[in-house]
Amino acid sequence: MRAPAPAFAADLNGATIEAARAALGAALTGTRDAVGEVSLFVSREGLVDAMIALRDTPGLEYQQLMEIAGVDYPDRPERFEVVYCLLSLTRNHRIHVHVAASEDTPVPSVTDIWPVAGWLEREVYDMYGVLFAGNRDLRRILTDYGFRGHPQRKDFPLSGFVELRYSEEAKRVVYEPVQLAQDFRTFDFMSPWEGAAYVLPGDEKAALPEAKGAPTPLKADEIQKADAAQTARAAATTPKTTDSPAQTGIGKAEPDAQPKPADPDVVKGKGEGK
């Protein structure tokens with residue numbers, strides 16, 4: 001092998017579509033080649049046989065199922081599309097297989113072809129409500145046991161249908177209808193430290209009434225002016241200084257000053273004081 005993985009070739013798209021038409025036959029209802037990706041539209045009845053053909057046919061060989069996604073189109077008669085993302089390791093190529101479905105028409109499960117599809121189909125069922133015939137463990141996987149509805153549907157309300165909380169009385173988690181504690185508030189995202197001119201509801205309670213004749217608080221610019229004036233007055237004051245040592249009284253004997261007693265251990269040298 002010349003490389004650890006085969007190089008991707010853009011011209012594989014056309015050859016892939018032709019090979020898929022020959023292998024799938026009537027099960028293939030449409031194809032699309034857009035933005036470098038190949039999409040195959042397959043009927044529900046022929047899904048399992050089409051997946052086996054895409055996996056085992058030479059020239060296709062899509063061995064791995066990477067993901068299963070759901071899409072909701074509420075205006076369509078069959079509002080859901082289940083999208084299978086397949087990968088060919090030998091050809092280094094990916095395709096998407098689309099299958100249409102409604103709330104009441106189950107899609108055949110592909111768990112017998114790829115066991116990993118069991119978890120992926122449960123995600124689509126939980127988020128969109130699409131049923132998969134043949135999945136032996138089709139339960140919710142992302143939401144709670146008592147969750148109502150399917151969150152990824154376009155008509156699912158943003159606030160949901162129920163909310164849960166822990167009840168001290170019942171000593172367990174209980175489900176209740178959604179109750180918004182307050183109306184949605186509008187914010188202007190202005191920092192209160194930047195001097196917002198408005199007063200938030202409830203802030204008026206924090207303002208204490210001033211006594212009669214109490215001084216009005218200074219504003220920032222007035223405080224700066226007062227500080228500047230005080231600094232100027234302090235700089236104008238001349239500190240006390242002396243012009244000569246005589247003004248300090250140095251060298252003058254005190255009234256009770258006495259001669260310094262002689263130290264017998266000190267030997268005076270020549271020229272020192274007598």
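Q: Which helix is Asp126 found in?
A: This is a predicted model, where local features need pLDDT of at least 70, side-chain atom pairs count only at pLDDT 80 or more, and totals for chains, interfaces and linings use all residues. Residues are numbered from 1 along each chain as its sequence is written, and side-chain values use heavy atoms, with hydrogens and water left out. Helices are DSSP runs of H or I with at least four residues, strands are runs of E with at least two, and both are numbered from the N terminus. On that basis Asp126 belongs to residues 117-128, helix α3.

Q: Is Asp126 buried or exposed?
A: Buried means under 20% relative accessible area, exposed means over 50%, and partly exposed is in between, using a 1.4 Å probe and protein chains only. Asp126 comes out at 0% relative accessibility, so it counts as buried.

Q: Which residues is Asp126 in contact with, leaving aside its neighbours within four places in sequence?
A: Contact here means heavy atoms within 4.5 Å. For Asp126, the list runs Arg140, Ile141, Leu142, Thr143, Gly149, His150 and Pro151.

Q: Asp72 is another Asp to look at; what does its side chain make a polar contact with, and which backbone nitrogen does it reach?
A: Asp72 is in strand β3 (residues 64-72), and its relative accessible area is 3%, so it is buried. A polar contact is a pair of N or O atoms within 3.5 Å; within protein, one must be able to donate a hydrogen and the other to accept it, and residues adjacent in sequence count only if both atoms are side-chain atoms. Not counting residues up to four places away in sequence, Asp72 touches Arg79, Phe80, Tyr128, Gln152, Arg153 and Lys154. Its polar partners, at 2.8 Å each, are the side chain of Arg79 and the backbone nitrogen of Lys154.

Q: Which residues of α1 are buried, and what covers them?
A: The buried ones are Leu12, Asn13, Thr16, Ile17, Ala20 and Leu24. They cover an arc of only 130° around the axis, so they sit on the same side of α1; the arc is that of the directions from the helix axis to the C-beta atoms. What covers them includes β1 (28-34), β2 (37-42), α2 (47-56) and β5 (93-101).

Q: How many aromatic pairs does a search of the whole structure find, and which residues do ring pairs link into a cluster?
A: Rings of Phe, Tyr and Trp (its six-membered ring) pair if their centres lie within 6.5 Å; planes under 30 degrees apart count as stacked, over 60 as edge-to-face and the rest as tilted. The search finds three pairs, among them the stacked Phe147 and Phe156, at 6.0 Å centre to centre with 20° between the planes. Phe156 and Phe161 are edge-to-face, at 5.3 Å and 85°. The cluster is Phe147, Phe156 and Phe161.

Q: Phe147, Phe156 and Phe161: which of them counts as buried?
A: Phe147 has a relative accessible area of 28%, so it is partly exposed. Phe161 is partly exposed too, at 36%. The one at 16%, which counts as buried, is Phe156.

Q: Which rings do the charged end of Arg76 and Arg122 lie over?
A: A charge sits over a ring if NZ of Lys or CZ of Arg is within 6 Å of the ring centre and within 35 degrees of the ring normal. Arg76 is 3.7 Å from its ring centre, and Arg122 is at 5.6 Å. The rings are those of Tyr73 and Trp119.

Q: What is phi near in Lys171?
A: Most residues other than glycine have a negative phi. Lys171 is in the loop between β8 (162-167) and β9 (172-177), and at 55% relative accessibility it counts as exposed. Its phi is positive, near 60°.
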